[in-house]
2 protein chains.
Amino acid sequence: MSKPVENTTQILAEGTYLRLVHRDGWDYAERSNARCAVIIVAVTPEDRLLLVEQFRVPVNAPAIEMPAGLVGDIHAEEPIELAAARELEEETGWRADRVRLLMQGPSSAGMSNEIIAFARASGLTRVGPGGGDDSEDIIVHEVPRTEAAAWLCQKAAEGYAIDPKLYAGLYFVDHDPDGTPAA
Amino acid sequence: MSKPVENTTQILAEGTYLRLVHRDGWDYAERSNARCAVIIVAVTPEDRLLLVEQFRVPVNAPAIEMPAGLVGDIHAEEPIELAAARELEEETGWRADRVRLLMQGPSSAGMSNEIIAFARASGLTRVGPGGGDDSEDIIVHEVPRTEAAAWLCQKAAEGYAIDPKLYAGLYFVDHDPDGTPAA
C-alpha cells in the first residue's frame with residue numbers, strides 16, 4: 001500500500017498561513033496554522049439547512065459553503081467535535097447538543113496535504129446572531145432542506161462560488177458515510 | 001456581492017506545478033499548469049461505480065478517488081468534457097459515449113484558487129486496461145454502486161486516504177446538482 005519516499009522535503013516558501021513544499025517530485029501547499037478543517041452539516045428543528053456566505057480572497061468571489069473552520073488554530077489539542085461546535089455557533093448562532101465526526105480525508109490530494117473533516121451537528125438551539133469572529137463577515141442562510149440543491153444552483157447562476165464539497169454535505173444530510181440512513 | 005480588493009498580488013514562490021501567492025492579507029496556492037481539475041462520475045453497464053487508487057505524495061498515503069485529471073495541462077483550450085472523457089479512458093480503460101458537465105467550484109476556497117469540476121460520463125464501453133499515463137500508477141476499482149459507500153468506509157479503516165469529494169460524487173450518481181434525479 002505504500003511506496004518508498006525520498007523524504008527530501010524542501011520548503012520553497014513560508015507564508016503567514018501556508019507554506020509551499022516540494023517532495024519527491026511534487027509541489028504541495030501545507031497549512032502552517034492548523035491540523036485540519038471541519039465542515040459542519042447542520043439542520044435546524046425547522047428542517048432548514050445552515051449555509052454561510054462570505055467573500056473568499058483566493059477565488060476573488062463571494063462563496064457559499066457549509067459552516068466550517070480550522071481545527072487547532074486556537075487550541076492546538078482541541079478535539080474536532082469541539083472545534084465544530086464552536087465554529088457552528090460563531091458562524092451561525094446555533095448551538096448543538098451533539099456533534100459527531102463523520103469522516104475525514106484530503107481536500108485536494110494532488111496539490112496539498114490539507115485534511116477536511118465532516119461532522120454532523122444535531123439538537124440545535126438558536127443562541128445568537130452568528131456572523132463569525134472579529135476577522136469574519138459571514139451571512140447566514142437557512143434553506144429548507146429539500147430545496148437546498150436547487151437553491152445552490154440558483155446561487156451559482158448568480159455568480160457565487162459553490163464549493164463542490166457542499167454536495168458531499170448534502171449526501172451526509174441523509175446518509176452516514178457507509179451509506180446507511182443518517183443516524 | 002463583491003468587495004474592493006487591494007490587488008497587490010505578491011508571488012511568494014514559484015514551484016514547478018504550484019505557486020504560493022499573497023494577496024489582501026491571504027496566502028493561497030495556485031496551479032501554474034492547469035485551468036482546473038475535473039472529477040468523473042461513471043457507472044458501468046453492470047451498475048458498478050468506477051474508482052481509482054493511487055499513491056499521493058502530498059498526503060504520503062494511498063488514496064481512493066473518482067477518476068480525475070487536470071484540464072488545460074496538455075492542450076490549453078481543451079473543453080472540460082473532452083478532458084473528462086480522455087482522463088476516464090486513460091485511468092480506467094472505459095470510453096464514454098456522453099459526458100456532461102454537472103458543476104464547478106473551488107476545492108478549498110480558504111487556501112487555494114483551484115477550481116474542481118464534476119462531470120457525469122455515460123454510455124460506457126471497456127476499451128483498454130486503464131492505469132493512467134506513463135507518469136501514473138493507477139489501480140482501477142469497479143464497485144457495485146449500492147455498496148460503494150460501505151466499500152469506502154472499509155478502505156478508510158484499512159488506512160487509505162478517502163477524498164471527501166467522493167461523497168459529492170455519490171450524490172451525483174443519483175442526483176443532478178439541482179437535486180432532481182440524475183438525467
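**Ground rules.** I'm looking at a predicted model, where local features need pLDDT of at least 70, side-chain atom pairs count only at pLDDT 80 or more, and totals for chains, interfaces and linings use all residues. Residues are numbered from 1 along each chain as its sequence is written, while chains are lettered from A and ligands numbered from 1 in the order in which they are written.

**Whole chain.** I looked up the elements and found three helices and 11 strands in chain A; these are DSSP runs numbered from the N terminus, helices being H or I of at least four residues and strands E of at least two. Along the sequence I read β-β-β-β-β-β-β-α-β-β-β-α-β-α. The radius of gyration, taken over C-alpha atoms, is 17 Å, close to the 16 Å from the globule rule for 183 residues, so chain A is as compact as a globular protein of that length. That rule is 2.2 Å times the number of residues to the power 0.38. I also noted that the C-alpha trace spans about 55 × 35 × 35 Å along its principal axes.

**One sheet.** Next I picked an open sheet of three strands in chain A, ordered β1-β2-β3 with antiparallel pairing. Strands count as paired if DSSP finds at least two bridges between them. Its edge strands are β1 (10-14) and β3 (26-31) of chain A, each pairing on one side only. I zoomed in on β1(A) and β2 (residues 18-23) of chain A, which pair in the antiparallel sense over four bridges. A:Glu14 sits opposite A:Arg19 in β2(A).
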